[in-house]
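Please examine the sequence and the three-dimensional structure shown here.

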Amino acid sequence: EMSEMSERSKQNVAHGLAWSYYVGYLKIVLPRVKKSMEVFSRANPNMLACRETWKLHILVPLSCDVYDDLEKADSNIQYLTDLNETTLTRAGTKKRVYKHSLYAIRDEDNKLWHCAVEYATPLQSLYAMSQDECAAFSREDRLEQAKLFYRTLEEILKGSKECAGTYRLIAYQ
């Protein structure tokens with residue numbers, strides 16, 4: 001009965017998405033991010049001078065509006081290149097490729113920062129659910145679920161020893 005009530009009120013969506021994102025993706029890629037940045041930095045010594053940015057910057061727009069092209073989302077962001085790929089056999093897929101894109105980001109003081117940036121992809125699912133009448137997911141539900149997703153993911157990552165110091169969660173309106 002409790003499960004049915006929770007399903008009807010859509011309380012499990014964000015929690016499940018956050019855990020799936022962590023277990024199925026972040027737990028795999030985050031421990032490898034710093035090494036990838038080190039390799040790139042040795043080959044391009046002038047680009048990644050600031051070790052503080054040697055982590056994956058995960059964007060969490062609470063609107064769940066995720067752009068496929070970050071350069072179109074903000075003119076202060078410019079794609080540079082991709083970091084080295086990680087290839088693993090995973091869930092029946094041989095040689096599954098994981099990679100991150102490196103961007104140059106201009107801040108309000110006109111200073112350039114180089115970092116790996118990507119959206120939290122499960123937000124695309126939350127957005128799609130709010131657009132699909134079968135899901136019966138309102139804009140308000142979407143906002144609440146986006147906040148819950150962020151809080152749950154933040155809590156999961158804080159408790160993860162292997163992911164410590166490898167990410168920066170950036171939630172915004």
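The model is predicted: local features need pLDDT of at least 70 and side-chain atom pairs pLDDT 80 or more, whereas totals for chains, interfaces and linings use all residues. Residues are numbered from 1 along each chain as its sequence is written, and side-chain values use heavy atoms, without hydrogens and water.

Helices (H or I, at least four residues) and strands (E, at least two) are DSSP runs, numbered from the N terminus. Helix α5 comprises 20 residues, 139–158.

Aromatic rings of Phe, Tyr and Trp (its six-membered ring) pair if their centres lie within 6.5 Å; planes under 30 degrees apart count as stacked, over 60 as edge-to-face and the rest as tilted. The whole structure holds 5 aromatic pairs. Two of them are listed below.

| Pair | Centre distance | Plane angle | Type |
|---|---|---|---|
| Tyr21 and Phe149 | 6.1 Å | 40 degrees | tilted |
| Tyr79 and Tyr103 | 5.8 Å | 75 degrees | edge-to-face |

Tyr21 in helix α2 and Phe149 in helix α5 are 128 residues apart, and their pair links distant parts of the chain. Tyr21 is buried at 4% relative accessibility, and Phe149 is buried at 0%. Tyr79 belongs to strand β2 and Tyr103 to strand β5, so their pair ties together parts 24 residues apart in sequence. Tyr103 is buried, with a relative accessible area of 9%. Tyr21, Tyr25, Tyr98 and Phe149 form one aromatic cluster.

Note on methods
Expected span 1.5 Å × (residues − 1). Buried < 20%, exposed > 50% of the residue type's maximum accessible area, 1.4 Å probe, protein only.
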